[in-house]
Amino acid sequence: MVQRFTMEEHAASKEGHISAMGKKIFFRTVLVALGLIVALVAAFLIWYETTSYRPGDTDPSPILLSGATVLTGPELTPTRNIDILVEDGRITGVGPDLVGDAPADVEIRDLSGMTLLPGLIDLHVHLGREIESGADPFGALDMPGLIAHYSRYLPEARRDLLAAGVTTVRDLGNETPFIFELRDGIADGSLEGPRVFAAGTLFTTAGGHPVQTIFGGDLEASPSLTPDTPEQARQEVRRLVEDGADLIKVIQERGIENQPLDPIPVDVLTAIVEETHALGLPVVAHWGRLDDLSEVRAAGVDELVHLESRDLMDGWPPELLAEVVDSGIPVTPSMIVAAENGPPELRGQMIRQSTEFHDAGGTLLAGSDAGMPGVGFGTGLQRELALLVEAGLSPTEALQVATSAAARQLGRPELGEIREGAIADLVAVEGSPHEEITEIAEVRLVLRDGRVVFTG
């Protein structure tokens, strides 16, 4: 018997077939899309892990460094014909012919023709996106890369610092808790990088630097604390220290004639310093004009950063210079920022001011302000050391301010010396940077906590 279909039945059958095919295509498309999503997520996770710059060998063999001219002790005294034995993150031997005293599994590295010195310490950085001088403004298309950069805790910056021989940095103003998480990740071994001391969020005013100068008045975009009263200031200090701050940074800056800025009220500034000292931590002050300098000194801050005051264009007033030097307060001039971004006369002015301060017996320290336009992480400190030599320091003195003197300023002298018992943060440089400071750029080997973190 022949089965016949009406036109209506045929059409219904055809529609059902098409519907079934549509469902198959739909589900197949969904499966392909899901597969692509899974593949993209897996690729992202692989990329994230492989580019986050994590430690390699966390349990290295003992290392014996031989053949180098070793800059020993806090004075960085050049010493030849000695070996340096490193075990478990510490320097356990300093002397001639230590091979016989070394463990059987020791790794021997010949550093003939090189200079071995303590790891460099940059006392002024802002860990973040490195800003190039003259770079195009930040745009919306840059946002994904910026998020990826920060989500991996700045692997390029950490790598660049170590490659330049910088094994410790002090971050003087950044987002919290981001900077504390980065610091702690390096400390617990989940991230590779230089040791970090961090101030966290800095103190300023809504009408001050960097709120107005860098963030265009957008207080929410600026990593800043702006207390209005002494009690608010004390509360903010306590909260910041509880969150993990290693020190406190204040901005006391009146600006210049065509861009006046609001300084912190004196009673608020005093409360910040007093509360910080009560908690056993130091205060570092950015200052602008001589009024600002007078106020931060009266408040009792422990260190000054920057030496680019327009009030000092014609040099230090003799009485003021003597007072600052006699107070013993050190200055971290960070000249490279002005040298890179300012007019030639500002560069010369800062060198002269640093020279006067140094010649009068003042204590200069080394900090690059890396993260600011044109100041690279690691390379910025190398260039700052050259400027310190221009300001009158000998190459050895310049290296001291970036090693033993900086370590003392941090309260961690074991970070800045080559001696038995010191932390094995070490840099081997091709040449003699204690005689020619520019050779500090010729880094060939870096140890951080006794681990090889760079070879070049």
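I began with S354, which sits in helix α10 (residues 344-359); helices here are DSSP runs of H or I with at least four residues. The model is predicted: local features need pLDDT of at least 70, side-chain atom pairs count only at pLDDT 80 or more, and totals for chains, interfaces and linings use all residues. Numbering runs from 1 along each chain as its sequence is written, and side-chain values use heavy atoms, without hydrogens and water.

Is S354 buried or exposed? I found S354 buried, at a relative accessible area of 0% (buried is under 20%, exposed over 50%, partly exposed in between, with a 1.4 Å probe and protein chains only). Beyond neighbours within four places in sequence, S354 contacts L307, P333, M335, L364 and A391 (heavy atoms within 4.5 Å).

Next, the rings. I noted three aromatic pairs (Phe, Tyr or Trp six-membered ring centres within 6.5 Å; planes under 30 degrees apart are stacked, over 60 edge-to-face, the rest tilted). Y153 and F178 are stacked, at 5.5 Å centre to centre and 15 degrees between planes. This pair links distant parts of the chain, 25 residues apart: Y153 is in the loop between α2 (143-151) and α3 (155-163), F178 in helix α4 (residues 178-187). F178 is buried, at 12% relative accessible area.

Last, the cores. The largest nonpolar core has 83 residues, with L127 and V250 making the most contacts inside it (buried Ala, Val, Leu, Ile, Met, Phe, Trp, Tyr and Cys joined through side-chain atoms within 4.5 Å). Leaving aside neighbours within four places in sequence, the contacts of L127 include L154, F178 and F377.

Technical notes:
Helices (H or I, at least four residues) and strands (E, at least two) are DSSP runs, numbered from the N terminus.
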